[in-house]
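Let us walk through a protein step by step.

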Amino acid sequence: MVRLRARLSRSQNALGKGLLTLLSREHLDEDTWEEIEDTLLTADVGVAPTQELVERLRERVRVLGTRTPDELRALLREELLHLVGTDFDRVVKTESGLETPGIVMVVGVNGTGKTTTTGKLARVLVADGRSVVLGAADTFRAAAADQLQTWGERVGARTVRGPEGGDPASIAFDAVKEGIAEGADVVLIDTAGRLHTKTGLMDELGKVKRVVEKHAPLDEVLLVLDATTGQNGLVQARVFAEVVDITGIVLTKLDGTAKGGIVVAVQRELGVPVKLVGLGEGADDLAPFEPEAFVDALIG
Ligand code: GDP
């Protein structure tokens, strides 16, 4: 997997640099604090986390009195890290600890990068020496199964698929059965994310989950969110969280936005950590989310 720091610095450090410049002003008056607040809101950090951060910064800057650039940088780094959270367990769980394969279900609205993420994750696992079965349970989008199969062929993972428009739960079921029969290490299930009605989604994902769990425990449910969609992504996250227990978030397309603050907002919203980030369309463009590297990229 690629390293987060090197890939993010170009797009992200507008936020950190902007904050640092503002904090370095000789007189931190109300207008400046408002500008700091605006900078955070523009980067999609979210209202409550922004207010908290500004309050903490105000207090710490006050206590500090005169400020050297290094002190300010260290202070901002600490506070951003606090905001992003260093206590979460961000490991993607792909081992069941049982005889059965680790089962990972990938959910999210179509177009967010679900299938791509499933393919990239398969690649990481295979490169790690694990055998992977892919379940193409996104039967809603016509090309999704082909796309996943292409990924499978590219990375060396078998794809279980069904007829177009077929029943996602029965494909998920077949994929898990296949994984067990083959003695595979991990089964990754790509699902459909049509959000037209919550009940429809709930029925479909709920059924996939139930069917899978008849065979083996579900180790991870990853919600894929497109970082460029801002508040819309948060609305999606809320709906999915009502339908299934999300255990981790994958934030895609972080390469195409300076709005890295969404990491903070979505973790707050769901109480679930960002575990992986998508940094491009290529096979290697998936990285574990590392708070320190992320904050360092922000500050530049
Ligand atoms: P799905 O409908 O959710 O399965 O979405 P896809 O996996 O088909 O992805 C939709 C589009 O987003 C494709 O063109 C992908 O190549 C692109 N994509 C996915 N992840 C990333 C990412 O991290 N960065 C960029 N720039 N594009 C991505």
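Predicted model: local features only at pLDDT ≥ 70, side-chain atom pairs only at ≥ 80, totals over all residues.

Residues are numbered from 1 along each chain as its sequence is written, and side-chain values use heavy atoms, with hydrogens and water left out.

Start with the overall build. The protein has eleven helices and eight strands. These are DSSP runs, numbered from the N terminus: helices are H or I with at least four residues, strands are E with at least two. The C-alpha atoms fill a box of roughly 65 × 40 × 30 Å, taken along the principal axes. A compact globule of 300 residues would have a radius of gyration near 19 Å, and the 21 Å of this protein agrees with that. The radius is taken over C-alpha atoms, and the globule rule is 2.2 Å times the number of residues to the power 0.38.

Now look at the packing. Of the 300 residues, 54% are buried. Buried means under 20% relative accessible area, exposed over 50%, and partly exposed in between (1.4 Å probe, protein chains only). Among contacts with a separation of 6 or more, 78% join residues 24 or more positions apart. A contact means heavy atoms within 4.5 Å.

Next, find the empty space. Rolling a probe the size of a water molecule over the atoms shows where it is left. The search uses a 1 Å grid over the protein atoms alone. A cavity is a set of points where a 1.4 Å probe fits but cannot get out. A pocket is an open set with protein on both sides within 12 Å along at least five of seven lines. Lining residues have an atom within 4 Å of a point. Grid points are joined across faces, edges and corners, and a volume is the space filled by probe spheres set on the points.

The largest pocket has a volume of about 300 Å³. Of its 20 lining residues, T112, G113, T116, K253 and E281 are the closest to its centre. Helix α5 (114-127) gives the largest share of the lining, five residues. By class, the lining has one nonpolar, eleven polar and eight charged residues. Ala, Val, Leu, Ile, Met, Phe, Trp, Tyr, Cys and Pro count as nonpolar, Asp, Glu, Lys and Arg as charged, and the others, Gly among them, as polar.

What classes line the largest cavity? Nine residues are nonpolar, two are polar and none is charged. Its volume is about 50 Å³. Its lining includes L15, L40 and F294. Helix α4 gives the most, with three residues.

Finally, check some single residues. Most residues other than glycine have a negative phi. K253 has a positive phi of about 60° although it is not a glycine. K253 sits in the loop between β6 and α10 and is partly exposed, at 32%. D44 has a positive phi of about 70°. D44 counts as buried because its relative accessibility is 8%.
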